[in-house]
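Please open the model in your viewer and keep the selection panel at hand. The tour below goes from one selection to the next and says what is there.

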Amino acid sequence: MPLIELIRRHVKTSAHVFIILALLSGVSNVLVMTLINTSAGVEQATLDLRTIAMFGLVIGIYIVSQRGLMRITATEVESMIHNLRMALVENISHAELLSLEQVGRSEILAGMIRDTQTISQASNILVIAVQSVIMIALSMVYVFLINKVAFALSLSFIALSMVLILRHMLTLREELNTVFKEENHLYDGLRDVLEGFKEVKMSVPRRIDILAEIDIAATRARDVKIAFQGRAAQEFMLSQTMIFLLLGLIVFVAPMFFSVEAGAAARTAAAMLFIVGPLAMVTQAIPIFATANAAAENLVRLEHLLQSLATKIPGMIERPLPAEFEEIHFDTVSFTYTDSKSVNMFTVGPFNFSIRQGDTLFITGGNGSGKSTLVKLLVGLYYPEKGVIRIDQQALSAETYTAYRSKFSVIFSDYHLFKRMYGLNVPNPEVIEELCLLLEILGKVRLQDANTFDTIDLSTGQRKRLALLVTLLEDKPIIVLDEWAADQDPHFRRKFYQELLPHLKALGKTIIAITHDDRYFDTADRCIALEEGRIVSDINSNSLQ
Ligand SMILES: Nc1ncnc2c1ncn2[C@@H]1O[C@H](COP(=O)(O)OP(=O)(O)OP(=O)(O)O)[C@@H](O)[C@H]1O
């Protein structure tokens, strides 16, 4: 069972501690019942202090063991969830870009939020259910001692219940998978509404259509859940009715066929009434256990999926690259996008070219010609399908890719601007001010604390300037900009090509920019043009002047 597998892998407290605490609390619980049962009806004068002291002691043991059990469970379960979440995030951060692009984001979010929460919420109920099982077992021992007939009847009843419960668990598992799938569709729709809010707001037919799609997914999720809850309620009612029937059997029918001492019959009935609660608890816990188990199954599947996307080979030791380099060389490098059936969709390359340290290289070409794909290969986010990338004669390998990637600062066309400058030392406010002045965003943004901006709610062009500010602070040797200037006004676009790029070059930076601004091509040392994934022209500065 996936839930048990998860617990076994993540929980550090020994199973013995849980068993001892659960036994102590279960035994003390049953002892309370036995003491009450044997003392009730006894003459007041014959009640001795020992029994009363025993009663107090048993309650004390119950409080201590129950509290300990609940605390340990909460600590272990929440630590397990923390570790699971961190492992998922870690795996995502090590995943291949191309593979991650193919995984449903809703599935990842559902795993991180819904499934972990389901397990967390189920944990206490499951502990109580385990205790209930212990209490039922101990109560059965008590019943055995006082009434063998009732014991035999109850045992048959419990065996029958077990069969029904196990059968029920198997069907619930199937149903829950459907519930989770429908909920994932629902999350997809919600993401569309939130991320495409402007587009949804601007078009009534689009809004109606998307809401209709969400309604279909939500209705399916609702119906499957109603059916699921209905079945759970039905099973609960069935088990309750069976308990009542069992009590009826013990009290009304059994005495007709077997001779049972009157006092024993009353004590048996009281013991049976005592286990009505625990039995109801176990029945109620079944759908909760099934849900937690399905959530654990999802998590384990997601964990395996993300692990399979990870670039990090277990045991692999990453190696550094020299800080300085002279050139990066593409040696017959090609890369192909394939669809889910491995049919080739688009190929870039083979590329044979070098980029020298300190060069300013422009990459041009029509839409879909392969510029961004070439850049993803160049910065180490995609791996060559054929050929090899060398840095100063050293072929890149799995061990050196992380070091290689860290030579680049990239602003992609679909970049993400972080409000906090993660991974950067706290910058000097004066340096920030200077850069804001240079990028003409002074007064628009400032540092709120240490390395967090007070706002990133800026115009499209200003956000890109802020992204460039962060890039400059990163101070990497190679800067890659994917259509960075496209959103800048004519004044700043000129400043970018005629002042900023030469300034960066003077600092020794290697600059690679995807651009369509042909009037500024002369500001580059070299200009590569792509068509259909291939280099169709490669012009150096002398020809560009
Ligand atoms: N993740 C992907 N999966 C499959 N095919 C892709 C993927 N990304 C891009 N492609 C295909 O690769 C081709 C090149 O895409 P790429 O993004 O490199 O072009 P581009 O030159 O940067 O275009 P643009 O100027 O429009 O940004 C496109 O025709 C597209 O069909």
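Which residues in helix 3 meet which residues in helix 5? Before you select them, note that this is a predicted model, in which local features need pLDDT of at least 70 and side-chain atom pairs count only at pLDDT 80 or more, while totals for chains, interfaces and linings use all residues. Residues are numbered from 1 along each chain as its sequence is written.

**First selection: helix 3 and helix 5**

Select L69, M70, T73, V77, E78, I81, L84, R85, L88 and I92 in helix 3, which meet I108, G111, M112, T116, I119, S120, S123, N124 and V127 in helix 5. Two residues are in contact here if their C-beta atoms, placed from the backbone, lie within 7 Å, and helices (H or I, at least four residues) and strands (E, at least two) are DSSP runs numbered from the N terminus. By class, this contact has eleven nonpolar, six polar and two charged residues; Ala, Val, Leu, Ile, Met, Phe, Trp, Tyr, Cys and Pro count as nonpolar, Asp, Glu, Lys and Arg as charged, and the others, Gly among them, as polar.

Now show the whole of helix 5 (residues 105-146), which packs with helix 3 at an angle of about 165°, their axes being 10 Å apart. Helix 3 is therefore roughly antiparallel to helix 5. The axes are lines fitted to C-alpha atoms, for helices over the stretch in contact, and angles run from 0 to 180 degrees between N-to-C directions; those under 35 degrees count as roughly parallel, over 145 as roughly antiparallel, 65 to 115 as roughly perpendicular and the rest as oblique.

Turn next to the ligand, whose surroundings include E101, Y337, M345, F346, K371 and S372; a residue is near a molecule if its C-beta atom, placed from the backbone, lies within 6 Å of it. Strand 2 (344-356) and helix 10 (371-378) each supply at least two residues of this shell, and helix 10 gives the largest share, three residues. The shell has three nonpolar, seven polar and two charged residues.
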